[in-house]
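Student: I should like to work through this structure with you, one question at a time. May we begin?

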There are 2 protein chains.
Amino acid sequence: MTGLKTSWVASANTADCPFPLNNLPYGVFSTDELEPRCGVAIGDMILDCQAAEEAGLITLDEAAVFDVPFWNDVMEMGTETWVALRARLFEILSTGSADQVQAEPLLVPMADGTLHLPFLVSEYTDFYAGRHHATNVGTMFRGAENALPPNWLHIPIGYNGRASSVVVSGTDIRRPWGQLKSPDHDLPAFLPCRRFDLELEMGAIVGTPSDSPITVDEADAHIFGYVLLNDWSARDIQAWEYQPLGPFQAKATATSISPWIVTKAALEPFRADAPAREFELLPHLRDTGPMLYDIDLRVTLAPKGKAPTEIAHTNYREMYYSAAQQLAHHTSSGCPMTPGDLLGSGTISGADKHERGSLLELSWGGKEPLTLDTGDTRTFLEDGDTLTLRGAAHGDGYTIGFGDCSGTVLPALDDPYKR
Amino acid sequence: MTGLKTSWVASANTADCPFPLNNLPYGVFSTDELEPRCGVAIGDMILDCQAAEEAGLITLDEAAVFDVPFWNDVMEMGTETWVALRARLFEILSTGSADQVQAEPLLVPMADGTLHLPFLVSEYTDFYAGRHHATNVGTMFRGAENALPPNWLHIPIGYNGRASSVVVSGTDIRRPWGQLKSPDHDLPAFLPCRRFDLELEMGAIVGTPSDSPITVDEADAHIFGYVLLNDWSARDIQAWEYQPLGPFQAKATATSISPWIVTKAALEPFRADAPAREFELLPHLRDTGPMLYDIDLRVTLAPKGKAPTEIAHTNYREMYYSAAQQLAHHTSSGCPMTPGDLLGSGTISGADKHERGSLLELSWGGKEPLTLDTGDTRTFLEDGDTLTLRGAAHGDGYTIGFGDCSGTVLPALDDPYKR
């Protein structure tokens with residue numbers, strides 16, 4: 001697939017539209033009239049999949065699959081269905097389509113729609129698989145010589161997070177309270193978080209279930225699509241709690257994802273190789289082809305009522321491990337995987353300072369405050385700050401966008417136990 | 001509630017029956033004729049709740065709640081419903097009940113039933129909240145002086161596990177493969193686990209949902225009931241992977257639970273105080289009453305085709321943190337909790353050697369093999385071994401049992417990628 005494919009939805013036919021016919025990402029939307037339901041983005045419109053199914057334009061199964069506010073049923077149907085659905089949507093929405101007359105009334109202006117979580121998150125796993133990020137954090141905490149733990153170059157390090165805390169872009173994020181211990185106090189205290197941070201990540205969504213170890217190629221085939229992901233992190237809670245069993249409440253307040261699931265098919269032209277391997281990976285984790293993607297990633301920070309400043313600019317290609325390798329590792333113990341499992345890539349940082357995907361790295365642990373275009377300075381997030389992640393793969397005359405992954409930090413409650 | 005309460009189901013009326021009228025635990029069962037459905041254990045019988053609901057004997061809601069193979073819907077209905085249901089079951093099954101004639105045909109012999117997971121596990125969290133266990137493990141890994149991490153006496157340390165790996169008692173457990181590194185090798189290898197272990201735990205099941213921090217008393221009220229739990233652990237996988245983000249694949253193969261949810265109401269007479277606090281806990285985690293339970297816990301190990309040996313004997317009272325404190329901590333960041341969330345207590349060990357709840361501790365890291373009654377020796381689990389956890393609260397002339405939590409170790413696959 002090279003070059004822009006054109007649609008009879010005119011707004012989709014520009015080089016910088018995030019949702020051209022080449023993309024066709026899956027979401028869940030509602031309007032004043034319509035209950036939450038499955039939809040596909042095309043230009044500045046959403047095709048109502050429930051209505052299209054009712055009208056007989058799309059048929060995946062004898063039973064309805066689009067009358068629910070999540071894509072999990074389609075995910076579980078597997079690769080052949082995914083291919084067939086995409087082909088059918090392409091046919092319906094292409095320039096000159098015989099279905100145009102029937103489909104046109106089923107379009108809803110994106111401006112009229114409210115977007116919801118596009119799938120039920122079964123379980124959520126977060127990895128730590130960006131080498132620049134791990135090196136930066138390791139250098140700050142353990143010194144440059146011990147920056148990467150001994151296992152890091154052999155295994156995609158990950159931990160289980162909380163699926164219940166995953167929210168869709170646009171959801172406000174309440175600054176958490178937590179147990180903290182300052183270096184100058186002997187005992188911990190329960191206080192509002194002081195070092196609240198973002199983590200710029202991509203999320204891979206498992207479509208096909210498995211209940212035994214799968215190879216990297218199988219894992220790649222099991223992935224349904226990708227979203228942008230911000231793993232909000234309370235660095236001071238994390239510092240006190242994370243030894244010996246890893247992050248827990250520091251990562252449990254919220255994780256935001258972008259509202260549209262961009263399919264693997266749409267990203268196919270943007271596959272990119274992983275970086276050179278310092279140690280050859282064990283056979284079950286070895287690269288079998290280009291499994292990363294060339295996706296341009298940007299983060300802006302807007303203080304309350306002020307203009308946004310771009311604080312980071314990097315690329316998903318910077319990862320050391322692909323989502324397929326992470327998923328293969330995830331199954332290596334026999335761990336069953338379920339449709340709707342969400343795998344966070346880990347924070348994505350590039351080599352240069354401006355390419356760092358967290359304020360922890362950007363402000364070097366709070367020691368080097370950032371100056372925003374507004375003149376404000378930041379070490380960590382302040383109340384009222386709006387964080388926005390954007391991602392785009394740039395093709396020949398077209399763009400594959402994800403929709404913003406955005407959230408505003410609300411002040412901590414005065415008393416989190418007051419009802 | 002003191003003393004044995006009698007039922008017209010005669011087998012329930014003995015001092016050592018695990019399922020007297022005082023207990024009434026909730027499970028899911030099927031028979032050759034009946035699809036999986038909700039049931040209540042009484043003596044050596046199961047009351048078919050779906051049939052009882054259809055017959056009008058139990059009514060919790062206008063819609064049916066017992067025609068599904070899980071108790072989550074009842075959990076979500078909240079404390080008042082839990083109290084009403086227990087009272088009604090008590091009435092139906094008591095000696096002299098007016099409902100006996102109608103209820104008797106709805107009993108299924110336990111011997112004819114197959115037991116399933118009693119609830120859909122939403123998310124699974126495992127804690128590390130037994131002081132003797134943490135001290136033993138810490139001493140082995142970091143020396144006696146640094147055994148307990150600095151946070152341990154202030155915070156119930158926990159990490160998120162995999163809900164998808166939770167299985168019901170009786171499920172065989174396949175020895176996993178994983179990435180391991182022996183101290184005498186420079187590089188890791190992908191091999192079958194050599195140090196496969198059990199962890200004797202209790203599991204607390206969240207009934208009432210929450211989306212903001214809750215107090216210890218609220219947390220106690222949100223818990224629906226308890227099960228026995230064996231968190232199968234691959235110690236060699238864990239040793240290589242767990243720094244810096246905690247256990248991941250080492251804990252993802254399987255976690256077994258006992259088949260009957262024992263309600264908080266049944267355990268009420270057995271409440272026990274937590275041990276003395278070395279540091280006063282922060283207000284939001286402070287004890288507000290006896291929140292542990294006096295539950296006698298035993299583990300047996302039976303080599304293939306041989307008699308079992310009791311390898312551990314301890315008590316749930318030995319925990320440092322209660323499930324209510326763990327749940328309160330779990331919500332402190334605002335982490336949303338969902339009906340069906342399962343909280344593992346952490347390994348339960350007492351002060352003496354025979355009271356240790358893992359082979360890691362019993363064999364002191366493999367250095368002191370156990371000799372079983374059969375003459376066999378063990379450091380870690382061998383293929384064919386059957387592990388059984390049993391729990392009982394002993395009242396005045398009656399017993400509250402959980403049903404066995406059992407599993408047999410199957411040999412690792414020759415090639416986990418062969419289909």
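The discussion below turns to a predicted model, taking the interface, a helix and a strand in turn.

Student: How much area do chain A and chain B bury between them?
Tutor: The interface brings 61 residues of chain A into contact with 61 residues of chain B. Of the area buried, 58% lies on carbon and sulfur atoms. The total between chain A and chain B is about 5500 Å².

Student: Which element gives the most residues to the side of chain A that touches chain B?
Tutor: Across this interface, 27 residue pairs are in polar contact. The elements giving two or more residues to that side of chain A include β6, β10, α7 and α9 of chain A. The largest contribution, three residues, is from β7(A).

Student: With which residue does R162(B) form a salt bridge?
Tutor: There are six salt bridges between chain A and chain B. In the one formed by R162(B), the closest N and O atoms are 2.8 Å apart. The partner is D341(A).

Student: How far apart are the end C-alpha atoms of helix α5 of chain A?
Tutor: Helix α5(A) has 12 residues, and at 1.5 Å a residue these should span 16 Å.

Student: Which residue is 88 places from V167(B) in sequence, yet 6.1 Å away in space?
Tutor: V167(B) lies in strand β8 of chain B. Beyond its neighbours within four places in sequence, its contacts include L117(B), I173(B) and S256(B). The residue at a C-alpha to C-alpha distance of 6.1 Å is T255(B).

Conventions: Residues numbered from 1 in each chain as written. Chains lettered and ligands numbered in written order. Predicted model: local features only at pLDDT ≥ 70, side-chain atom pairs only at ≥ 80, totals over all residues. Heavy atoms only, no water. Helix = DSSP H or I, 4+ residues; strand = E, 2+ residues; numbered from the N terminus. Contact = heavy atoms within 4.5 Å. Expected span 1.5 Å × (residues − 1). Buried area = accessible area lost by both parts, 1.4 Å probe. Salt bridge = Lys/Arg side-chain N within 4 Å of Asp/Glu carboxyl O. Polar contact = N/O pair within 3.5 Å; in protein donor to acceptor, adjacent residues only side chain to side chain.
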